[in-house]
Amino acid sequence: DGFVHVDELAPLRADRGLFSANVYLATPPSGGHLELWPVGFRSRWAFYANAPTLSALTVQDPDAQRRLRHRLPAPLPVAVHPGDLVLLCVQRPHAVAGFDAGVRVSLQSFLTHDGHARPLVLEN
């Protein structure tokens, strides 16, 4: 199983957020798909109430990963193929499924949305 993580640990907001743009150049014959967890905390209270679980999304610890996979709902698999572009909110838990053969090559960049009156910013 891949490393369940978030790239920004913050409550979700409709007026701003951090997103990832991923272009897939090569994918393995099986596995290597994205896993997205359908959870998101929008209020500070919900965010703080779930802080012990959420904090595990920032560390590469095998025990923390097992606890996360036990506590979170089942992930939604997203199949990816060469040429695909996937945009995802990186404030939601996500991971890459493991694979036994082949290679997975992707280009990735972050997009910052900082309000409706401001342009999207493409990071590196």
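**View 1. The largest pocket of this predicted model has a volume of about 200 Å³.** A pocket is an open set of points on a 1 Å grid over the protein atoms alone, where a 1.4 Å probe fits, with protein on both sides within 12 Å along at least five of seven lines; a volume is the space filled by probe spheres set on the points. Its lining (residues with an atom within 4 Å of a point) comprises 16 residues, of which H5, D7, S20, N22 and H94 are the closest to the centre. Two or more lining residues come from each of β1 (16-26), β5 (94-96) and β6 (105-114); strands are DSSP runs of E, at least two residues, numbered from the N terminus. By type, the lining holds 8 nonpolar, 6 polar and 2 charged residues. Asp, Glu, Lys and Arg count as charged; Ala, Val, Leu, Ile, Met, Phe, Trp, Tyr, Cys and Pro as nonpolar; the others, Gly among them, as polar.

**View 2. F47 and Y48 form an aromatic pair.** The whole structure has 1 aromatic pair. F47 counts as buried because its relative accessibility is 15% (buried means under 20%, with a 1.4 Å probe and protein chains only).

**Notes.** Residues are numbered from 1 along each chain as its sequence is written, and side-chain values use heavy atoms, without hydrogens and water. In this predicted model, local features need pLDDT of at least 70 and side-chain atom pairs count only at pLDDT 80 or more, whereas totals for chains, interfaces and linings use all residues.

Technical notes. Helices (H or I, at least four residues) and strands (E, at least two) are DSSP runs, numbered from the N terminus. Rings of Phe, Tyr and Trp (its six-membered ring) pair if their centres lie within 6.5 Å; planes under 30 degrees apart count as stacked, over 60 as edge-to-face and the rest as tilted. Buried means under 20% relative accessible area, exposed over 50%, partly exposed in between (1.4 Å probe, protein chains only).
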